[in-house]
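Work through the exercises below with the sequence and the structure in view. Each task is followed by a solution in steps.

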Amino acid sequence: MVKLVYIGLFPAVLLGLAVYIQLNASPQQIEVVPSVMNALRLHRPSPDGTALGELQVDVVSVPPLPPGHVLIKVAAAPINPSDVYRMMGSYGSDEERDALVYPTFLGFEGSGTVVATGGGFLPNLLIGSRVAFAARDGGSYAEYFVGKFDEVVPLPDDVTFEEGASAIVNPLTVIGILDMVERGEHRALIHTAAASSLGKMLLAMCKEREVPLLNVVRRESQRDLLLSLGADPRDVFVSTSGAFLSSLRGRALEVDATIAFDAIAGSSPETLMQAMPDGGEVFVYGTLSGKAVEEIAPWHLLTERKILRGFHLKPWLDTQSILNKVLHFMSVRNLLSSTLRTVYAKEVDLHGVESAVRHYMSAATGNKVIVKL
């Protein structure tokens, strides 16, 4: 008899749940949103993609807010290498660059407060929340941003907007790198541009997980920086030193470093190929040299069974299930004020971005910039 009562109540419970969700699915708003906003946009790329293009702070309409999306009042947004490439007009493939319509919005990530939603039960759960967000097509260098609800990360109370602003690009790239190391059952890895913000995060994560990491830097001062952060002296290599390649090769063979992640391009992938054991994989994920990948000796591929590939955050995220995305976001969220914390050297407003980027381009290490809105 009891079972029959429960069974009879089940449709009523479902109906009540459906009504509750429907009542909480209409668009929400917690403050008056203006019709226009300030936004930094690229009006024209540089002719050869090696210098900053024409940047301008424009007054534009606040984007429309479709269902399943949230409107974020932006508080802060970092300047990453990918942002600088977009400002030059050299970011992305030829097809992606050709598809850009100018003026185009800038900024690939940021943080702020969800002040309105386009409707939907899950988006409405975020109303009033402090969040970090991804701007896949740009747009974080603006007073407001509209994004998909599943591409924002609620921030813990002890994480500032400044810390949360860099919660997506670098931390998730580090998570992606280590995911590939684990899935490929690699024992150790090599990383170039190791004194960058991302490099310091990767160092901290590898120390926590006890994964051997060989760090490649350009200058002795960068080596000293990584040593001060706890890197093993045997695992930091200065690429301009005379014994660089032989030292890196010897250590790579010793710890069996069969995967490498290169942020430089140019001749760097070939150098990594020379240093790695047979069967090694080199993933290019950046172009800090401003050059294409230069000639790879064919015997690396033919007889040494080495592989050259590319890694980019967006395609990697697209391969992840919703559950894995949530787990990755939660991992990042819990480490933003510690292991994955970003330190900034300077903060600017929208009008100060261009001059700050020019300085950043001349010396990126230790000169991380954040845009405050």
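**Exercise 1: Two packed helices**

Helices α9 and α10 are oblique to each other; this is a predicted model. Task: state at what angle α9 and α10 pack, and show why the two helices count as oblique.

Step 1. Locate the helices: α9 covers residues 244-255 and α10 covers residues 268-275.

Step 2. Take the geometry. The packing angle is about 50°, and the axes are 8 Å apart.

Step 3. Compare with the cut-offs: angles under 35 degrees are roughly parallel, 65 to 115 roughly perpendicular and over 145 roughly antiparallel.

Step 4. From α9 come F244, L245, L248, R249 and A252, and from α10 come T271, L272, Q274 and A275. Sorted by class, this contact holds six nonpolar, two polar and one charged residues.

**Exercise 2: Antiparallel and parallel pairs**

Task: describe the open sheet of three strands and explain why β2 and β4 are its edges.

Step 1. The order is β2-β1-β4, and the pairing is antiparallel.

Step 2. β2 (54-61) and β4 (104-105) each have a single partner strand, so one side of each has no neighbour in the sheet.

Step 3. Count the bridges between β1 and β2. β1 (residues 36-44) is joined to β2 by eight bridges, and A39 stands opposite D58 in β2.

Step 4. Turn to the pairs made by β16 (residues 369-372). Strand β3 (residues 69-79) runs antiparallel to β16, with four bridges, and A77 is paired with V371. Strand β15 (residues 346-348) runs parallel to β16, with three bridges, and here K346 is paired with V369.

**Exercise 3: A pocket and its lining**

Task: find which element gives the largest share of the lining of the second largest pocket, and sort the lining residues by class.

Step 1. Note the volume of the second largest pocket, about 290 Å³.

Step 2. List the lining: L126, F149, D150, V152, V153, P154, I322, K325, V326, F329, M330 and R333.

Step 3. Assign elements. Those that give two or more residues are β8 (152-154) and α13 (322-333). The largest share, six residues, belongs to α13.

Step 4. Sort by class: the lining has nine nonpolar residues, no polar ones and three charged ones.

Methods: Residues are numbered from 1 along each chain as its sequence is written. This is a predicted model: local features need pLDDT of at least 70, side-chain atom pairs count only at pLDDT 80 or more; totals for chains, interfaces and linings use all residues. Side-chain values use heavy atoms; hydrogens and water are left out. On a 1 Å grid over the protein atoms alone, a cavity is a set of points where a 1.4 Å probe fits but cannot get out, and a pocket is an open set with protein on both sides within 12 Å along at least five of seven lines; lining residues have an atom within 4 Å of a point. Grid points are joined across faces, edges and corners, and a volume is the space filled by probe spheres set on the points. Ala, Val, Leu, Ile, Met, Phe, Trp, Tyr, Cys and Pro count as nonpolar, Asp, Glu, Lys and Arg as charged, and the others, Gly among them, as polar. Axes are lines fitted to C-alpha atoms, for helices over the stretch in contact, and angles run from 0 to 180 degrees between N-to-C directions. Contact means heavy atoms within 4.5 Å. Two strands pair if DSSP finds at least two bridges between them.
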